[in-house]
Amino acid sequence: KRVTEAIPHTKELNPELFEIYGRTALTGNSEIFEVYFKPLSKWFSISVFSMRKEYFVAVFVDITERKRFEAQIVHEHNRIQTLLENAPFGIMLINKDGSIAYVNPKFTELFGYIQSDIPDGRTWLKNAYPDTEYRHTVISIWMKDIEEVKVGQKRPRIFTVTGKNGNEKIINFIPVKLETGEHLISCEDITEQKRI
């Protein structure tokens, strides 16, 4: 049977397939692509190749479940991103290698630093704690916490931080170690509370 007979309405609903099939049959060049196949309401990964000029073979692999899963991940990612962007407290994500993967808008509002100002933990510590002695104290506490804290465990710490404009703020840091080895740190300004 012709493709149009085997799967009715293919030509009207997915005309791009016939362009690819025709190109492969004429040139002999193989192609692999993903397509939402409207006649069957499914996603397929299609491998097209030609064993003989003017003929083609198309191998369909059903990837509908994978596509649903990918869409779900994108949806969850967007949801989490919205929560992070609108959180009422600062958030910093530090990679295993010490690089800073993310700071949210509230973090920038609190300290004045954008992510490019503080690409890694070392730069952040140098800027946030300009006093060498105090910085060494903060680093030793942080290193001890990294060694002792288990995944998911929180160990809040209060430090005085110097912002980009030179102003000092008293900040409650709540770090959480993630299963990936990253550290998610929330930052709450408690300066006024401490003054009171």
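Me: Which residue is the bridge partner of phenylalanine 33 in β2?

Reply: Strands of a sheet pair through backbone hydrogen bonds, either parallel or antiparallel. In this predicted model, phenylalanine 33 has isoleucine 46 of β2 as its bridge partner. Further pairs can be read in the same way: valine 35 stands opposite phenylalanine 44 in β2, and tyrosine 36 faces tryptophan 43 of that strand.

Me: How many bridges join β1 to β2, and do the strands run parallel or antiparallel?

Reply: There are 7 bridges between β1 and β2 (residues 42-49), and the two strands run antiparallel. They form a hairpin with 4 residues between them. Within the turn, serine 41 has a positive phi of about 55°.

Me: In what order do the strands of the open sheet lie?

Reply: The order is β1-β2-β3, a sheet of 3 strands with antiparallel pairing. The edge strands are β1 (31-37) and β3 (57-62), each of which pairs on one side only. From one strand to the next, the twist averages 30°. Between β2 and β3 the antiparallel pairing extends over 6 bridges, and serine 45 is found opposite valine 61 of β3.

Me: Let us turn to salt bridges. How many does the structure hold?

Reply: The structure holds 15 salt bridges. Two examples may be read within helix α4. Arginine 68 pairs with glutamate 65, their closest N and O atoms being 2.4 Å apart. These two residues are 3 residues apart in helix α4, about one turn of the helix, and both are exposed. The other example joins glutamate 76 to arginine 79, at 3.0 Å from N to O. Glutamate 76 and arginine 79 are likewise 3 residues apart in α4, about one turn of the helix.

Me: Why is glutamate 76 classed as partly exposed?

Reply: The class follows from the relative accessible area: buried is under 20%, exposed is over 50%, and partly exposed is in between. Glutamate 76 has a relative accessible area of 33%, and is therefore partly exposed. Arginine 79 is partly exposed because its value is 47%.

Me: Where do glutamate 148 and lysine 144 lie?

Reply: Both lie in helix α7, 4 residues apart, about one turn of the helix.

Me: Is arginine 135 buried or exposed?

Reply: Arginine 135, in helix α7 (residues 132-148), is buried yet has no salt bridge. The nearest side chain of opposite charge is that of aspartate 131, 7.7 Å away. A salt bridge requires the nitrogen and the oxygen to be within 4 Å. With neighbours within four places in sequence left aside, arginine 135 is in contact with Leu125, Lys126, Tyr129 and Pro130.

Me: Which residues of the largest nonpolar core touch the most other members?

Reply: In this core of 20 residues, they are Phe107, Phe111, Trp124, Tyr129 and Phe173. At least two core residues come from each of β4 (90-94), β5 (100-103), α5 (105-111), α6 (121-128), β6 (157-162), β7 (168-177) and β8 (183-189). Beyond its neighbours within four places in sequence, phenylalanine 173 has contacts that include Phe111, Trp124, Tyr129, Phe159, Val161 and Ile185.

Terms used:
Residues are numbered from 1 along each chain as its sequence is written. This is a predicted model: local features need pLDDT of at least 70, side-chain atom pairs count only at pLDDT 80 or more; totals for chains, interfaces and linings use all residues. Side-chain values use heavy atoms; hydrogens and water are left out. Two strands pair if DSSP finds at least two bridges between them. Axes are lines fitted to C-alpha atoms, for helices over the stretch in contact, and angles run from 0 to 180 degrees between N-to-C directions. Buried means under 20% relative accessible area, exposed over 50%, partly exposed in between (1.4 Å probe, protein chains only). Lys and Arg count as positive and Asp and Glu as negative; His and the chain ends are not counted. Contact means heavy atoms within 4.5 Å. A nonpolar core is a set of buried Ala, Val, Leu, Ile, Met, Phe, Trp, Tyr and Cys residues joined through side-chain atoms within 4.5 Å.
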